[in-house]
Every structure is written in structure tokens, then in C-alpha cells.
Amino acid sequence: MQTVQAIVNGILVGGFYASMAMGFSIVWGVMNIIDLAHGSLIIIGAYVTYELCTHLGVDPFLTIPVAAVVLFALGYVLQRYLINRVLQASIFATLILTFGLDRVLVNANLRIFSADIRGITVPYTAAALTLGDLRIPLIRLAVFGVAILSTLALWLFLERTRLGIAIKATSFDPEAARLSGIDPARIYAVTFGIGAALAGIAGALVAAVSTFSPVIGDGLTTRAFVVVVLGGLGSVPGAIAGGILLGVTENLVASVIPSFSDAAAFALLIVFLVARPRGLFGRRFYAEI
Amino acid sequence: MRRSSCSLPRLAIVCVVVVVVALAVLPRFTGVFVQATLADIFMVGTFAIALNLIAGYGGYPAFGNVVFFGLGAYATGVAQANLHLPFAAGCLAAVVLSTLVAVAVGPLFFRLRGHYFAIGTLGLNGAVAQLVTNLPLAGGAKGLSLPLPAGTPATIATFFYEVFLVVLVVALAAALWVDRGRLGYACRALRAGDDVAQSLGVDTLRTKVALWAMSAALTGLIGAVYAYSVNYIEPPDVFSLGLSVKAFVIMLLGGTASLLGPLVAAFFVEGAVTLTQHYFLNYDVGVLGLIVIAAVVFFPRGASAFVRDRFFARRSGTAR
């Protein structure tokens with residue numbers, strides 16, 4: 001029974017991992033940038049939700065669009081005026097740049113919001129579905145639903161809209177995209193904005209179900225890239241499958257040896273990198289395997 | 001990018017010898033603070049030189065190279081605190097353990113390239129850090145206390161200053177050996193592509209593993225010296241990615257695959273870090289982040305390339 005509960009918990013948190021990883025994945029897939037500041041962007045989204053909930057008394061789920069818009073704007077500006085400048089430089093440069101950006105954001109969050117651990121309580125926090133011994137908190141189910149919906153919305157956007165197709169075209173071949181009248185610099189800024197908006201949504205979800213502080217961003221970034229490697233770069237179904245695989249593995253390991261759940265995630269990462277670097281559903285994009 | 005240090009002028013070697021001799025006699029004239037700051041610079045400089053072997057010469061962005069620093073620190077920690085062995089034995093254990101790990105995981109990791117390799121090493125660092133955290137022998141999350149070195153604060157500071165200086169010289173010698181020797185030629189062939197290297201008769205996997213093993217051994221060694229010098233280690237401290245990133249910044253500023261660049265850059269970066277921590281209490285992390293961002297935005301190909309292109313353009317020809 002404990003095992004079944006662990007699997008259910010893993011699936012629920014896996015949906016959240018998927019939405020978190022999708023923003024990271026699209027930035028990596030389209031621009032070949034590993035955004036080490038992704039976790040900090042998520043935390044900023046969490047603070048947007050937290051501030052709106054505590055000061056205006058809004059339900060956390062209603063703040064999701066606000067968090068998404070705020071983060072989109074931040075992401076667009078960061079890419080347009082900062083990250084775009086080193087896009088053509090080496091992999092070292094982009095990794096270090098996003099790490100530096102992450103340090104700045106962490107420090108800013110610490111100064112603005114303090115290091116206190118924050119959390120939101122809503123009237124329905126304790127409500128749960130019970131099936132025999134199995135317990136499914138409603139709020140976690142809602143988070144799972146929003147996460148999966150936002151991930152699928154991104155997929156529809158990429159497949160069905162002109163802008164989405166332009167993003168995919170740019171990721172395959174920026175030069176050919178330019179010849180077709182697409183401005184890659186603008187596409188990159190929009191893509192980073194979308195990645196950040198997904199981080200904002202994930203942040204709102206973090207605030208809704210758990211506690212957070214400025215320093216937990218690193219752990220979220222780590223999980224994002226584990227999910228991307230498991231699922232495959234740039235793949236939406238891959239992000240969902242990878243998120244659930246990571247969530248279930250972590251919860252199963254934690255139900256046996258609690259202190260080894262992170263090590264299990266990293267072990268899974270290394271096994272996949274070595275045995276199947278394209279992940280479960282990976283396609284090529286920029287991937288240099 | 002143009003290769004800059006295929007041949008090292010004799011003048012540069014003379015300069016290095018003069019500087020090393022000057023540094024060796026410096027403790028007679030300076031206090032504990034200067035020695036400790038310089039020892040820090042030697043440490044991150046060595047870290048960057050070691051990282052440069054695999055990342056600069058080899059072309060593999062080993063972002064998680066700090067894993068060897070942590071392994072070295074814990075190898076000497078366990079050897080000295082639990083097994084009551086002397087410091088030298090701890091250093092040996094650190095070098096052996098780091099080298100073994102690099103040789104064991106190298107053949108698997110070198111199937112990856114670029115970001116995937118970088119992420120793989122990050123995963124390795126995370127996994128090892130948590131294993132160590134759960135190892136009762138290593139003190140777990142509470143950390144591990146090492147025996148105190150004998151002597152007064154002044155003599156201890158001088159001792160570690162000298163040890164770090166010796167390790168730095170060893171690292172420079174190793175880098176020189178790679179730069180000038182067979183391995184250096186193999187690396188240059190490797191950076192032109194695995195196929196090119198193979199067609200020239202280079203055993204590509206062995207070359208990469210050898211580079212990473214050397215890098216790991218040196219990184220493990222400074223981890224060991226660091227552990228003994230601070231007397232107390234804990235996983236978040238010695239497996240900190242911040243250290244890897246600092247070394248990357250130093251390498252980037254100094255120029256990848258450059259022999260002396262990392263050493264010069266280490267003085268500037270570590271100096272900036274010390275000043276920042278002194279003057280920007282509570283904002284030091286952010287200010288360091290800004291320095292890192294500025295370094296990348298203004299010198300995406302390294303400060304050394306920038307200086308060379310701007311001031312020595314004629315001599316270095318068409319450096320792209």
C-alpha cells in the first residue's frame with residue numbers, strides 16, 4: 001500500500017516536474033542554452049503568487065496568468081538585452097553567463113523577499129480524495145492538472161500557430177529561417193519569454209502546494225535538466241513521461257531510504273545519459289550527442 | 001579560435017621561475033592575511049589549470065569537476081580523522097581516489113559531448129555529494145573535523161601557503177608537459193575532431209581519459225590541502241558548483257588551452273572576490289554574479305584573446 005501511495009505521489013509531482021522542465025527544454029532545444037537560472041525564475045513566479053495571495057487574498061490558482069505574464073516579460077528582456085549577446089560564443093560562455101545571472105537573481109530575491117521559508121494556506125489545503133488507504137490531496141491533483149494542461153498548451157502552440165512553427169523552424173536552422181523572413185533574434189527572445197512564463201506557472205504551483213525560499217532554485221534547476229535528459233530534448237510527451245519517471249523514482253526510493261532520493265535522481269540521469277542520451281522521446285534539434 | 005601557446009617563449013619560462021622564487025621567499029616579509037589570500041589564489045589557480053586540461057585542451061566542459069575536489073577533501077578527511085594517518089598519506093589517498101574515479105567513469109562519459117557531458121558531470125557531482133552525505137564514516141551531513149596542524153597561526157599560514165605554492169608549480173609543470181608533449185599534439189588533433197585525431201593515429205579515448213585523470217588528480221590534491229587547511233569540511237562546501245564556476249570564469253578570462261592565462265586570471269578574479277566579500281556584505285553573491293556576467297559579455301572569447309587582438313593584432317596575424 002505504501003508503494004502504491006508512493007507511486008501516486010510520484011505521478012502527481014511528476015506533472016509539476018513536466019511543466020517545470022518544459023520551459024527549460026524549449027530554451028535548450030531552440031537556442032542551445034542551458035539556463036542555470038531557470039530555478040530562480042521559478043522562485044520569482046512563486047513570490048508573485050505568494051504576494052498576490054497574502055496581500056490581496058486571491059486564490060493561488062487565479063494568480064497563475066499573472067505569474068506567467070510577469071515572467072514572460074522578464075524572460076523576454078533578459079534574452080533580448082543580455083543572453084542574446086553571447087549566443088554565438090562558446091558553450092562555456094553561456095553556462096557561466098546563466099550561472100552568474102542565477103547568482104544575481106538569488107541575491108536579489110534574498111534581499112527583497114528575505115530568506116524566510118514561505119508558504120500559502122488555502123481553505124481546501126486539507127481536502128483529499130480517499131480510495132481505501134490511498135489518499136490523494138485535491139490541491140495536488142489540481143496542480144497536476146494545471147501542469148499537464150500548460151504543457152499540452154505549449155505543444156499545441158508549437159504545432160498549430162505560425163509563431164510556434166517559426167520557433168521550430170528557427171531551432172532547426174536559423175539561417176534558413178532568416179531567409180524565410182523570420183527574425184531569429186525576436187524568435188529567441190519570445191522563446192526565452194515562453195520558457196520563463198512556464199517557469200512562472202511552475203512557480204505559482206510551487207507556492208500553491210509547498211513551502212519555498214530563494215535558495216531552493218538550484219534543486220529545481222537540477223530536476224529540470226534530469227527530466228529533459230530522461231524525456232528527450234524539446235519533446236513535450238517526453239517532458240511528461242520524464243517528469244513522471246523522475247517523480248515516481250524519487251518517491252519510491254524515498255519510501256525505502258529517504259535520504260537517497262536525490263542520489264537516485266542523479267543515478268537515473270547518468271544511466272540515461274550513457275545508455276540513451278536522446279531520452280525516451282528525443283529528437284535531434286541542436287543536440288550534440 | 002587560434003592557438004596561442006603552441007610554443008612558450010624562453011622569456012616566459014624565465015619570468016615564471018623568477019615569480020615562483022619571489023613567491024617562495026615572500027612569507028618572510030608578509031603577514032597571515034596576505035599569505036592566506038595568496039594561498040586562496042594559488043588554490044583556485046590550480047583548480048583552473050586542472051580544469052583547463054580537460055575543458056581547454058580536451059574541449060570537454062567538465063562543469064562538475066568540483067566532484068574531485070570534494071572527493072579529495074573527503075579522502076584526506078577520512079584518512080586523517082578516522083584512520084589517523086599523516087597529511088601526506090591523506091594527499092596520496094586523495095590523488096589515488098580522484099584518479100580512479102576519473103578513469104572509471106571516463107569511458108562512459110566520453111560518449112557524451114557538449115552540454116550532455118557538462119550535465120553528466122553535474123549529475124556525477126550531485127550523486128557523489130549525496131553518497132558522501134549519507135556515509136556515516138565521513139560524518140554525514142554534520143561534516144567532518146580534521147586534526148589541527150601543529151604550530152602557531154603564523155607558521156600554519158606559512159605552511160599552507162607553501163604547500164599550495166608547491167601544488168601550483170606541480171600543476172603548471174603538468175600543464176607545460178601536456179602543452180609541449182605528445183599529449184598536447186593529440187589534444188590539438190582532438191579539437192579538430194575525433195576523426196581527424198584517429199586518422200593521425202591518436203587513441204582518442206585514451207587521450208581524453210588521460211587528460212581527465214590528470215585534471216582529477218590535481219583537483220583532488222588541492223581538495224585535500226584545502227580540507228586540512230580549514231580543518232572542517234561538509235558536503236555543500238566542498239562539492240559546491242560555485243567553485244567549478246569560478247574556475248570556469250578564470251579559464252575563460254585567461255583563455256582556454258592557454259598555459260599561463262589561468263594563473264594570471266586567478267589573481268584578478270580571486271582578488272575581486274576578496275574585495276567584494278569585504279565591501280559588499282549581503283550583496284557579495286549578486287555582485288560576483290554581475291562580475292561573472294560582465295566577464296562573459298565583454299570577453300566572450302577570453303580576456304587574453306581580447307588583449308591579443310587589440311594590442312598584438314599584427315604579430316598574431318589574423319586571429320579570426
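## Close-up views of a predicted two-chain model

The model is predicted.

**View 1. Chain B is built from 15 helices and two strands.** Its radius of gyration is 19 Å, close to the 20 Å that the globule rule gives for 320 residues, so chain B is as compact as a globular protein of that length. Its C-alpha atoms fill a box of roughly 55 × 45 × 35 Å, taken along the principal axes. Buried residues account for 51% of the 320 residues in chain B.

View 2. B:Val20 belongs to helix α1 of chain B, which covers residues 10–25. Is B:Val20 buried or partly exposed? There are 14 other C-beta atoms within 10 Å of B:Val20, so B:Val20 is partly exposed. A buried residue would need 20 or more.

**View 3. The largest nonpolar core has 209 residues.** A:Ile96, A:Leu205 and B:Phe164 have the most contacts inside this core. Which helix gives the most to the core? It is helix α8 of chain A, residues 184–209, with 18 residues. Now turn to B:Phe164. Leaving out residues up to four places away in sequence, B:Phe164 touches B:Ala39, B:Phe42, B:Met43 and B:Val225.

**View 4. Chain A and chain B meet through 35 residues from chain A and 36 residues from chain B.** On the chain B side, α5 (114–133), α11 (241–254) and α13 (284–298) each supply at least two residues. The helix α5(B) gives the most to this side, with 12 residues. What classes of residue make up the side of chain B that touches chain A? There are 23 nonpolar, 10 polar and three charged residues.

**View 5. Helix α9 of chain B runs over residues 204–230.** It has 27 residues, and at 1.5 Å a residue these should span 39 Å. The end C-alpha atoms of α9(B) are 39 Å apart, which agrees. Of its 27 residues, 22 are buried, so α9(B) is largely enclosed by the rest of the structure.

**View 6. B:Asn231 follows α9(B).** B:Asn231 sits in the loop between α9 and β2 (232–233) of chain B. Its phi is positive, at about 70 degrees, although B:Asn231 is not a glycine. Around B:Asn231 there are 15 C-beta neighbours inside 10 Å, so B:Asn231 counts as partly exposed.

**View 7. Strands β1 and β2 of chain A form a hairpin.** β1(A) covers residues 128–131 and β2(A) covers residues 134–137. The two strands pair in the antiparallel sense over four bridges. Across the pair, A:Leu129 stands opposite A:Ile136. How many residues lie between the two strands? There are two. A:Gly132, in the turn, has a positive phi of about 65 degrees.

**View 8. Helix α5 of chain A has 23 residues, numbered 138–160.** From its first C-alpha to its last, α5(A) reaches 32 Å, close to the 33 Å expected at 1.5 Å a residue. Its buried residues include A:Arg140, A:Val143, A:Phe144, A:Val146 and A:Ala147. A:Ser150, A:Thr151, A:Leu154 and A:Leu158 in α5(A) are buried too. An α-helix has 3.6 residues a turn, so residues three or four places apart point the same way. What covers the buried residues of α5(A)? The cover includes α1 (2–31), α3 (64–81), β2, α6 (162–172), α8 and α10 (236–256) of chain A.

**View 9. A:Ser114 lies in the loop between α4 (91–113) and β1 of chain A.** A:Ser114 is not a glycine, yet its phi is positive, at about 70 degrees. Is A:Ser114 buried or exposed? With 11 C-beta neighbours inside 10 Å, A:Ser114 counts as exposed. The cut-off for exposed is 12 or fewer.

Notes. Residues are numbered from 1 along each chain as its sequence is written. Chains are lettered from A and ligands numbered from 1 in the order in which they are written. This is a predicted model: local features need pLDDT of at least 70, side-chain atom pairs count only at pLDDT 80 or more; totals for chains, interfaces and linings use all residues. A nonpolar core is a set of buried Ala, Val, Leu, Ile, Met, Phe, Trp, Tyr and Cys residues joined through C-beta atoms within 7 Å. Two residues are in contact if their C-beta atoms, placed from the backbone, lie within 7 Å. Ala, Val, Leu, Ile, Met, Phe, Trp, Tyr, Cys and Pro count as nonpolar, Asp, Glu, Lys and Arg as charged, and the others, Gly among them, as polar. The expected span of a helix is 1.5 Å times one less than its number of residues. The radius of gyration is taken over C-alpha atoms; the globule rule is 2.2 Å times the number of residues to the power 0.38. Two strands pair if DSSP finds at least two bridges between them.
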